[in-house]
Amino acid sequence: MGVKLLLDKAHIEGIRYFDVYRKNGGYTSVEKALKMTPEAIVEDVKKSGLRGRGGAGFPTGLKWSFIAKPEGIPRHLVCNADESEPGTFKDRYLMEFIPHLLIEGLIVSSYALGSNATYIYIRGEYAWIPDILEQAISEAKANGFLGKNILGSGFDCEIYVQRGAGAYICGEETALIESLEGKRGNPRIKPPFPALKGVWDRPTVVNNVETLCAVVPIINMGGEEYAKIGVGRSTGTKLISACGNINKPGVYEIDMTISVEEFIYSDEYCGGIANGKRLKACIPGGSSVPILPANLLLKTAKGETRYMNYESLSDGGFATGSMMGSGGFIVYDEDQCIVKNTYTFARFYRHESCGQCSPCREGTLWMDKILKNIETGKGKMSDIDLLWDVQRKIEGNTICPLGDAAAWPVAAAIRHFRDEFEWHVLNPEECLKRNYGLAHYADAREVVA
Amino acid sequence: MKFSEEKLKKVDDIIARYPEGRQKSALLPVLHLAQEQFGWLSVETMDYVASLLKLEPIEVYEVATFYSMYNLKPVGKYMFEVCQTGPCMIKGSDDIIAYIGQKLGIKPGETTADGLFTLKTVECLGACGYAPMMQLGKFYKEHLTKEKVDAIIDECRKSTAMNN
Ligand SMILES: Cc1cc2nc3c(=O)[nH]c(=O)nc-3n(C[C@H](O)[C@H](O)[C@H](O)COP(=O)(O)O)c2cc1C
Ligand code: SF4
Ligand code: FES
């Protein structure tokens, strides 16, 4: 069993309620933090090596140290609970089952950043979760951990829950800020960065749910101890939400030293490929990161074991690697059609583009159309090159990274599974009835063994 | 066109979460309240929300049209929002969508003649490990099978009959 820092108490009956949570060691990080200076907390988080768990992996302590502190202007912490990247459902798990862990992390982080009014922006479809969070907030308040003069420290803090209304783009931090201001979720042009001018033009830090939960063990054990868990620049533990053709889909906490092979095949985690099928491909970090065929997933291009951490998953760059992303781990067995899967993602990004930049607005529309044609047997060989060309013209040419996020999955699918696209074009009738079938890149495990 | 007293109180509580003069921030939550009460957002409803929050009506229309959860036309009493993105697709969401459509005699985007059911396809709802799935009102229905869909439809019909 690996180290568990976030989900160690998740199985305890009634952990959703304050009394049970508190009895099991909850809220000690608040007691400890309020005796420290905010600067010392930021230092501790820096030492922990914690990297943002929302997808980009930016060092959290460093991000916190950037927040501007102009005289007389309030600052805000905003928790990003928009979780909408296909394959990702870990934040939901945290909020639904151990809401007090997030509230605890938010109190400590709000103190470190000087936020007296902190907001949780949660995707609107998670409609039952705000009740759970608000219950936890009122319990924390009744016990003196929130509200005025917390534990007699002189620090005041309120936490509010705000629901979104169905827009993936509102997970992007500046779009989230716009949405919190009651506007359309159009990302802002940076600079200015939120650390200087965020919500209501005030200095703002936006952090992911899991990032803020991780602050609790960091304060409890100290940043240096936390940094000893994991490997290299992948410190601490990471939640992985695993789905697709595996025996045990679900949310797992890993210390980032295990191999991808162990994660997929061991009974402690995914429990192997379902129905006795063979592994074909995997998207290890949510729909935006490159898909990898089985042989490049379990071993890097150099033939070394691939591990479940930031560095190892991106080993080989986009040519032969992928990314940790949000930790949305999607597994495909030998029967799955990569073209169809890529088409559903293209449709997703077309639907979610906010429409501000033409490369993203038009490009996602084109990719959706072309992929639909190929998938339904109406594609031409030249469409594959056209698709490649369109995705290249989006990447790097937009206001926010949604454009890249839409381009990368298409690029990786063509890069690694071009023969499958060609087969669709050459077999327009057959491709409606069956998938490409087992490809040469599948089944790496047996080749490896 | 007016909110219940209870909802008006809620609107005040929501506005109080933001700094002075920033009541526009309450727009998304208040539109959710409006949809809860009226089922969908008519122009009249949006104008009412604008007056409550002291906004121009256009500011409300802009937002209501941007976010996919706001219904700009009437929908059935029960809306089946079935996810069709990759992870759900590989677990058979296409079959579930086709099955519901066939059973209710409607296509995605349509409502049954009795106004009871609407079928809608949506993108990833953050339940990929419990696929295939759909949203029904405030909650998710996960690990869907044809039998489970049958049971859900029966239950909706029963609870409507009981309340009539
Ligand atoms: C299109 C897009 C969608 C995003 N969606 C999310 C999301 O749902 N949740 C999240 O935490 N971060 C999301 N992000 C990343 C945020 O912009 C931001 O980097 C993150 O909230 C920072 O928190 P962290 O440093 O704790 O990870 C998204 C980014 C982009 C470009
Ligand atoms: S890249 Fe796409 S989503 Fe991002 S701002 Fe431009 S149009 Fe909007
Ligand atoms: S793909 Fe259906 S819930 Fe994520």
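Let me begin with a single side chain, Phe38(B), which is partly exposed, with a relative accessible area of 26%; on the scale used throughout, buried means under 20% relative accessible area, exposed means over 50%, and partly exposed is what falls in between, with a 1.4 Å probe and protein chains only. What you have on the screen is a predicted model, in which local features need pLDDT of at least 70 and side-chain atom pairs count only at pLDDT 80 or more, whereas totals for chains, interfaces and linings use all residues. Residues are numbered from 1 along each chain as its sequence is written, chains are lettered from A and ligands numbered from 1 in the order in which they are written, and side-chain values use heavy atoms, with hydrogens and water left out.

Let me set out chain B as a whole. Chain B has 7 helices and 4 strands, where helices (H or I, at least four residues) and strands (E, at least two) are DSSP runs numbered from the N terminus, and along the sequence they follow the pattern α-α-α-α-β-α-α-β-β-β-α. Chain B is divided into domain 1, residues 5–66, and domain 2, residues 78–163, with bounds that come from an automatic or database domain assignment, and the C-alpha centres of these two domains of chain B lie 29 Å apart. Taken along the principal axes, the C-alpha atoms of chain B fill a box of roughly 50 × 40 × 25 Å, and 53% of its 164 residues count as buried.

Now to the aromatic side chains. A search of the whole structure finds 30 aromatic pairs over all chains; rings of Phe, Tyr and Trp (its six-membered ring) pair if their centres lie within 6.5 Å, and planes under 30 degrees apart count as stacked, over 60 as edge-to-face and the rest as tilted. One of these pairs is Tyr168(A) with Tyr349(A), edge-to-face at 6.0 Å centre to centre and 70° between the planes. That pair links distant parts of the chain, 181 residues apart, with Tyr168(A) in the loop between strand E3 (158–163) and helix H8 (173–180) of chain A, and Tyr349(A) in helix H15 (residues 338–352) of chain A. Both Tyr168(A) and Tyr349(A) are buried.

The ring of Phe38(B) takes part in a pair with Phe3(B): the centres are 6.2 Å apart and the planes are at 10°, so the pair is stacked. Phe3(B) lies in the segment before helix H1 (5–15) of chain B and Phe38(B) in helix H2 (residues 27–38) of chain B, so the pair ties together parts that are 35 residues apart in sequence. Phe3(B), at 4% relative accessibility, counts as buried.

Helix H2 of chain B also holds Ala34(B), which is buried at 0% relative accessibility, and whose C-alpha is 7.3 Å from that of Thr45(B), 11 residues apart in sequence.

How many residues surround ligand 1? There are 18, the closest being Gly54(A), Asn80(A), Asn207(A), Asn208(A) and Thr211(A), where a residue is near if one of its heavy atoms lies within 4 Å of the molecule. At the level of atoms, a polar side-chain atom of Asn208(A) lies 2.7 Å from an oxygen atom of ligand 1, a backbone N or O atom of Glu83(A) lies 3.2 Å from an oxygen atom of the ligand, and a side-chain N or O atom of Lys63(A) is 3.4 Å from an oxygen atom of the ligand.

I will close with the backbone. Most residues other than glycine have a negative phi, and most peptide bonds are trans. Which residues does a cis peptide bond join in chain A? Lys190(A) and Pro191(A) are joined in this way, with omega about -10°, and Pro191(A) sits in the loop between H8 and strand E4 (204–208) of chain A. The loop between H8 and E4 of chain A also holds Trp200(A), which has a positive phi of about 50° although it is not a glycine, and which counts as buried at 4% relative accessibility. In chain B, a cis peptide bond with omega about -10° joins Ala131(B) and Pro132(B), and Pro132(B) lies in the loop between strand E2 (117–122) and strand E3 (134–136) of chain B.

Note on methods
Polar contact = N/O pair within 3.5 Å; in protein donor to acceptor, adjacent residues only side chain to side chain.
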